[in-house]
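These are my notebook entries on one structure. I wrote down what I looked up, one topic at a time.

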There are 4 protein chains.
Amino acid sequence: MANSVSEEEIFNQYYEELEQDQLGPLWTKLRYMVTKEPAHDVEPYLWKWQTIHKHLLRSGELLPLGRDSERRVVYLQNPSLMKKGLIGYATNTLYAGIQLLLPGEVAPAHRHTQSAIRFIIEGDGAFTAVDGEKTYMEQGDLILTPSWTWHDHGHEGKEPMIWMDGLDVGLVRNLAGSFYEPHPDNAQPVTKPDNGSTLRYAGGSYRPVTERKKRGYPSPLLAYKWEKTKGTLHHLSQLQEADPFDGYAVDYINPLTGGSADPRIGTTMQKLPPGMHTQAHRHVHTAVYHVLEGTGYTVINGQKFEWSKGDFFVLPPWSWHEHVNAGSRDAYLFSINDRPVLEMLDLEKEQPYEEHNGNQPITGIFTPVVQESE
Amino acid sequence: MANSVSEEEIFNQYYEELEQDQLGPLWTKLRYMVTKEPAHDVEPYLWKWQTIHKHLLRSGELLPLGRDSERRVVYLQNPSLMKKGLIGYATNTLYAGIQLLLPGEVAPAHRHTQSAIRFIIEGDGAFTAVDGEKTYMEQGDLILTPSWTWHDHGHEGKEPMIWMDGLDVGLVRNLAGSFYEPHPDNAQPVTKPDNGSTLRYAGGSYRPVTERKKRGYPSPLLAYKWEKTKGTLHHLSQLQEADPFDGYAVDYINPLTGGSADPRIGTTMQKLPPGMHTQAHRHVHTAVYHVLEGTGYTVINGQKFEWSKGDFFVLPPWSWHEHVNAGSRDAYLFSINDRPVLEMLDLEKEQPYEEHNGNQPITGIFTPVVQESE
Amino acid sequence: MANSVSEEEIFNQYYEELEQDQLGPLWTKLRYMVTKEPAHDVEPYLWKWQTIHKHLLRSGELLPLGRDSERRVVYLQNPSLMKKGLIGYATNTLYAGIQLLLPGEVAPAHRHTQSAIRFIIEGDGAFTAVDGEKTYMEQGDLILTPSWTWHDHGHEGKEPMIWMDGLDVGLVRNLAGSFYEPHPDNAQPVTKPDNGSTLRYAGGSYRPVTERKKRGYPSPLLAYKWEKTKGTLHHLSQLQEADPFDGYAVDYINPLTGGSADPRIGTTMQKLPPGMHTQAHRHVHTAVYHVLEGTGYTVINGQKFEWSKGDFFVLPPWSWHEHVNAGSRDAYLFSINDRPVLEMLDLEKEQPYEEHNGNQPITGIFTPVVQESE
Amino acid sequence: MANSVSEEEIFNQYYEELEQDQLGPLWTKLRYMVTKEPAHDVEPYLWKWQTIHKHLLRSGELLPLGRDSERRVVYLQNPSLMKKGLIGYATNTLYAGIQLLLPGEVAPAHRHTQSAIRFIIEGDGAFTAVDGEKTYMEQGDLILTPSWTWHDHGHEGKEPMIWMDGLDVGLVRNLAGSFYEPHPDNAQPVTKPDNGSTLRYAGGSYRPVTERKKRGYPSPLLAYKWEKTKGTLHHLSQLQEADPFDGYAVDYINPLTGGSADPRIGTTMQKLPPGMHTQAHRHVHTAVYHVLEGTGYTVINGQKFEWSKGDFFVLPPWSWHEHVNAGSRDAYLFSINDRPVLEMLDLEKEQPYEEHNGNQPITGIFTPVVQESE
């Protein structure tokens, strides 16, 4: 009949009515909301150190530090997330920036609910002060500035100081949990001996009786010295088989809990001896890698990401990946991740890649996105 | 001078270069990434039961259930999040839908990593089956289908059955943790006695010796009967002062942990006696409310949201809110929230409203958004 | 040679010298200190209710309550432990007594580090007050008076009230942890509504929002009503197979932790339907049983202990045991044990008896020890 | 009247009847069972190293090791506990012995539920093997052999090796939890690299990714090297005020839990600089001290116990005590205690001594008990 209305028209009419009332039909969206495998907007990406370094030094020339420019940091902007308007996102949960502090400068004191870690890339003589205690930073060290602790950075050395900052910006944004407060003073008052937490826990597994009542948060240990990290990896490589997926690798832990050094941001250092080619696997957690030493590549979902000293790259959620040390010396990869959060929320999964003896066929080689000039 | 370049031009040139290399200057974005108070896109909203109900019944006429339409659910689409392309979001972390199951129907078995709760609105004779056990559902009951457990719904009664579904869709999406699997059978095999978990833990704080080794997950208790919830609130109102912000209120808990019944989705029932007007406060966690009984209003950031039986409304993060029972009988508000997640991650904060004796001046009255017809 | 000294003499001389210096040779004592299986001095024993009851009523005639006689209790003295000078020990860790309170009496307020539970045997109208709250007691109820909480008992009813007391006297003594304090008042001031904790948690698994910050200790639930305990066991017996060793049985738990209602004294109720004969097993933990209802026997290390309503008996550590309901109605056995302590300290083990299809040959029948009259 | 019976006679008659029925009147024993302050049989005692050493060397001459003499150990027998028939008790819960292993010897492999620690006094070249891994021992090291792990000792060096053993013999005996098993082989097979656990966790707070799933028990770290312990105490003494009661002191902890290295036996090392005189306090937990270095004295309940290098002494429960370094060099006291058990069971208390500015008047000087020769 000419007047008949098709079923499709009926449904479309119904859907429009729902939409007008701010409602929706689950049956057309279920596959979108509840996906078979993780859905996300994160693409892998790699930044060359040369590029970052160049821009960073330029920022040192251009920008003085002060209350209106508290931190001189060039951050990694994942282009796939920029398209979604997610400024400052390296992954869905993590932010990473590279910070430059010049001799004599102070990066003013503040606190925020975002957790932060620092990984030292170049220089010495600068410190991070946390809740009244200065910790001096050296290359390869990991420094914690736990959520909502007062922290500032100062530089008493002679050469520019460069480090990586890692924060859970995306996580906290998604949960609407951001709070920030500037300290009344530019540099907070120092009330405790320098490097106290580090020295107090430097020997390993001892707890001062004066800290018997201390809970795990904030961590009583604020710095992990590269010498110790490297030594531990050295021993590991003497003692046991490499982990099939990560080589010789350790998580930095809180001495009072045995859990992640920062309770929300996982931190891992891995050593790949020359020639090591790990097996591929994937997991829900995402990571930002920094190449501390070495030359090699990582295959992510079939695409080859070639890296050398200083580079940064992003591993998206649930992405196949494997690492190769293509150089003649040990490679060291430092990374931050959101594994602790996924584990607390019981959302972590892991899967080994089983085809082709555990290694992915290479289907492409990463080259940086080139922005069209206007 | 004609040749001189302004500082602004220099910076802009620099920013463009950064952008081309997928980098960004933190100093211009810090205030955006690390906000003084929670930043989010969630606006409060309220849906009238009459509207939902009308559309839901219509869906019953239009849509048969089956593998391609596993659930007949009309979901709440927060318009402020729709603008951001976030389909099916009531808040940044939570989804809520209203489900209709007709006599004789089966909503097919599946499982997903999203946690889900059900709150029964109308009808009886239908069941939820979880991991081989059927739980029959009655008005006012809370039913759990824990993350990654097989579940289906069937209806052996005579009248349409309506319930609220609550899932942590936004949370899981933000963490890229979604996994989904359909069960090979439409209805999973029933291998355990009906209502077993409910009866086993109905008496309260007893653990069968056969469950001595059981950990808290998944919860050994899958249904919380309205009769018990109501009774507990009755006793509370006899025993103690009302909570200034929530009236007489309880969280549903897991008997083996004392924590939230679902480990990620908080569930709360509150009773407001006639005339009760609570104090205003705000907290980071967000909530979706359902009016089980009563007439009144909630003031959210100065705006009045008038509710009556069956309505749903959304409380955004860090929003001042207070509740008023304007009717002559007890009002009962059921709500789901993301408090357990914020507490696990140490991101919850709470603040009482201190001006005007704790109550907000009313600056507007909510009316639904009207979509422009085209 | 005539002068030669035997090796034995040399060693004995050496041992004497050690002894003079308060030292000892491990090699002669290792098997004593570190035994292959648990070493202890606990023998099983059974007390008939008729005997206890007779003496208890007599104490009611003889002894007025007061500050010098705070409790009118006849306690179970295990004769095997009396031989070791362990006054008031039913087992190595547990004490059990039977208390009589007459109408109008007050058992004065005090507190001690020993944990205590009460199990109500006869009567009503009496209450236990804990930290300002009265809980009225009825037959079959379990009442907690957690370690170091103020408690007193009062009787507002008309008939004598009788209950079992269970304390971890031996445990606390062995650890030198006993502290005791009398309350300045005979009866502590009542500052909270009667039966508050019981009513607040009566409905089961709900936590008032006003108690969100509460930790598990002391338990927010002070009484477990017999009606609920019995109902839970009824449901269990409908829902599942009996536990092979314990029949239908539940542990009383703390709603905020899922752990033992009292954190150190385990409390269990078991139901044995007519004809049930459980399998034998043994475990490190020790127990004191009270027969709430029924007639039957328990075989302990081959010896038959015949019990009927009201009787008490002791299960030593690491002793084979099995229970038989020889009557025509359900039997209910209440028991206290030190399982929570052994589990916390990782010292619990359990072993099923595997010979003879899991039941012990009976090698003797218990008859009470008769003290020689002098 | 001649026939009248006194009240005392009536009660005595009643008490006799109770006794005949293995019952007792609580009102006459309550003060004994539930004491105002800890009741125990432990007296303080001190053993001179010279005496121990002499006897120990003699045992080396007399006793060959073998399956019938598995350990060549001279143990501390507290005379106050010997009077109670408690063989091998240093305190109510703790045993301490001094072990001698000669070059080439093997102390055969076994396991037991008692926890054990070793503190190395003299020598090197010997190892402890635990669950397939050898740990070489040097002076000042703490070695763990966790409960129920296979362990044996072997000596590949050239000089006699002497160490302290600490076990929770009394605790386990009181709880009837002793199990023991000899290993089928004299020395268990070595299946892991030497010193693996120590090297793996030597760097401090790192967890190999291969041990991400590891729980805290058994500890992944089996040896605490003196060099690190000493270094930590050195840093502490530079960084902070001494603890008023313990000087500069640390507890050895498990890197995966932050709790006591052995979950039941607390282990502490304290450094007292020359002239240090601590404040007195008391606590429920008991301890056995070993003087690693230095000369001084400890005042226990007013009695002076003078110690020098190598000596051992016992601190009873709830006893006032303060330490004095009377020498010109740092003194180091190692001690084992039952604090972890008391804390798990919520029975620990502590009290500072407040009179005389925190120091006890000295009322006596300890001299060893002299056994009457017969």
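I call a residue buried when its relative accessible area is under 20% and exposed when that area is over 50%, with partly exposed in between (1.4 Å probe, protein chains only). Helices (H or I, at least four residues) and strands (E, at least two) are DSSP runs, numbered from the N terminus.

I note that the model is predicted, that local features need pLDDT of at least 70, that side-chain atom pairs count only at pLDDT 80 or more, and that totals for chains, interfaces and linings use all residues. Residues are numbered from 1 along each chain as its sequence is written, chains are lettered from A and ligands numbered from 1 in the order in which they are written, and side-chain values use heavy atoms, with hydrogens and water left out.

**Entry 1: a strand in chain C**

I looked up strand β23 of chain C, residues 331-337, and found seven of its seven residues buried. Which residues lie on each side of β23(C)? I listed C:A331, C:L333, C:S335 and C:N337 on one side, and C:Y332, C:F334 and C:I336 on the other; both faces are covered. In a regular strand the side chains alternate between the two faces of the sheet.

Next I looked for its partners, where two strands pair if DSSP finds at least two bridges between them. Strand β16 of chain C (residues 266-272) pairs with β23(C) in the antiparallel sense, over seven bridges. Strand β18 of chain C (residues 287-293) also pairs with β23(C) in the antiparallel sense, over six bridges. I checked C:N337 from both strands: C:G266 stands opposite C:N337, and C:A287 has C:N337 as its bridge partner.

**Entry 2: a helix in chain D**

I checked the length of helix α7 of chain D, residues 226-239. The expected span of a helix is 1.5 Å times one less than its number of residues. For the 14 residues of α7(D) this gives 20 Å, and the end C-alpha atoms are 20 Å apart, so the two agree.

I then listed the buried residues of α7(D): D:W226, D:T229, D:T232, D:L233, D:L236 and D:L239. Why do they count as being on the same side of α7(D)? They cover an arc of only 165° around the axis, which puts them on the same side; the arc is that of the directions from the helix axis to the C-beta atoms. An α-helix has 3.6 residues a turn, so residues three or four places apart point the same way. On the face of α7(D) turned away from the buried side I found the exposed residues D:E227 and D:Q238.

**Entry 3: chains B and A**

For this entry, contact means heavy atoms within 4.5 Å. Buried area is the accessible area (1.4 Å probe) that two parts lose on being put together, summed over both.

The contact takes 86 residues from chain B and 86 residues from chain A. The two chains bury about 7,900 Å² between them, with 65% of it on carbon and sulfur atoms. B:Q22, B:W27 and B:L175 supply 10% of the area that chain B buries against chain A, more than any other three residues.

I superposed the copies by least squares on the C-alpha atoms of residues with pLDDT of at least 70 in both. The same surface serves both copies, as 100% of the contact residues of chain B recur in chain A.

**Entry 4: chains C and B**

Chain C and chain B each give 39 residues to their contact. The area buried between them is about 3,600 Å², of which carbon and sulfur atoms give 55%. C:S205, C:Y206 and C:L239 supply 21% of what chain C buries against chain B, more than any other three residues.

Chain C superposes on chain B by a rotation of 180° with 0.0 Å of shift along its axis (RMSD 0.0 Å). That is the relation of a two-fold axis. In chain C, the C-alpha nearest the axis belongs to C:G204, 1.9 Å from it.

**Entry 5: pairs without contact**

I found no contact between chain A and chain C, whose closest C-alpha atoms lie 15 Å apart. Chain B and chain D do not touch either, and their nearest C-alpha atoms are 15 Å apart.
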